[in-house]
Amino acid sequence: LLDLEQIANGVYSPLEGFMLKDELESVLNKSELPNGVIWTIPILLDVNSSDSKKINDGDKVTLLNSKEEVVGWIDVEEKYKYDKLKLSEKFYGLKDQDHPGVNIINSLNDYFLGGKITLIKRRNSLYKNIELTPKQTRRLFEEKNWTKVVGFHTRNVIHKAHEFIQKSALKRGQCDGIFLHPVIGKKKKGDYNSEFILKSYEIMKKKFYPENKTVLGAFSTYSRYGGIKEAIFTAICRKNYGCSHFIIGRDHTGVGKNLPSKSDSSLTNLINKLGIKIIKFETVFFSKKNRKYEEENQSQIFDENDKLFISGTEARNLFKNFNSPPEWFMRPEISKMIIHELKAGKEVFIK
């Protein structure tokens, strides 16, 4: 139902509903919708075999939330099957069962419904106060007189490398402000719980970010872990929210495994056609010599022994033992918050 709400609120502006088979084929084969609009992510509504037998093309089917409340309906234009192995291979370029995105596809039911949707009730959410719609953010940016806004997509608690990227992007794009837009939908095992991601950004807004330069919103979607395809998708979404610029990192929405390079080379050219300016960052590291964060680039060569990194796994292991990562990696105020919540018995990391 996350996708249902986003379509209705104009996040997926080129789409009016869940994908028909020809739309899905076009996205998988050409990274665009049949009308030529750039699009890289399948937006699907799956149903099981039993339910599919009760549904015919032309039916109006109600959609329920977990409390059995009607939240909307779909005008079914098409019911179809699609081979999930083929879907994984075409989208990810692999069929690795350990990849969380492949697991998402494998968990889908066998039938899909395509058609326009209508939303009549927003879902309940702990973060409703900051789940801004594209209309709301555009109005907010206009009220702030921001003409250049850079969007930042994340599924992690803020750390200093991301802080460096955000502040650098503001300068590179000569932007009026930054739209901090953490993902709060379903995550994989080991990811940070959304509550603490948002808490970390609230601390940053209150104490450290430049005054009147930030807007914090909650992005109610989930990661597909789709590499550059998902980077393009997240850029399109932020364009709809009113961003003029968007940050893409070295391993944007990845899981530490690079997807096949042929996927990257064939999609990179699409980025320049999105209508939003991309601010690209390569590997960012903390320099022991310079005592600050640096970005790898061709004009400056850094000694490998000078670079300091901490992986997400290392940081989680430190926290689980109630130890803070070093200050060069994360601000003490953020680390203390996480350790406090862990000691209180909170589920900081998804189990």
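Tutor: On a 1 Å grid over the protein atoms alone, a cavity is a set of points where a 1.4 Å probe fits but cannot get out, and its volume is the space filled by probe spheres set on the points, which are joined across faces, edges and corners. This is a predicted model, in which local features need pLDDT of at least 70, side-chain atom pairs count only at pLDDT 80 or more, and totals for chains, interfaces and linings use all residues. Residues are numbered from 1 along each chain as its sequence is written, and side-chain values use heavy atoms, with hydrogens and water left out.

Student: OK, what volume does the largest cavity have?

Tutor: The largest cavity has a volume of about 120 Å³. Of the 14 residues lining it (those with an atom within 4 Å of a point), the closest to its centre are Glu5, Gln6, Asn9, Ser220 and Tyr241.

Student: New topic: where does Asn65 lie?

Tutor: Asn65 lies in the loop between strand 3 (60–64) and strand 4 (70–81), where strands are DSSP runs of E with at least two residues, numbered from the N terminus.

Student: And is Asn65 buried or exposed?

Tutor: Asn65 is buried, with a relative accessible area of 13%, as buried means under 20% and exposed over 50%, with partly exposed in between (1.4 Å probe, protein chains only).

Student: Which way do the residues of strand 9 point?

Tutor: From strand 9 (residues 245–248), His245 and Ile247 point one way, Phe246 and Ile248 point the other way, and all are buried. In a regular strand the side chains alternate between the two faces of the sheet.

Student: What is the bridge partner of Phe246 in strand 10?

Tutor: In strand 10, the partner of Phe246 is Ile278.

Definitions and conventions: On a 1 Å grid over the protein atoms alone, a cavity is a set of points where a 1.4 Å probe fits but cannot get out, and a pocket is an open set with protein on both sides within 12 Å along at least five of seven lines; lining residues have an atom within 4 Å of a point. Helices (H or I, at least four residues) and strands (E, at least two) are DSSP runs, numbered from the N terminus. Two strands pair if DSSP finds at least two bridges between them.
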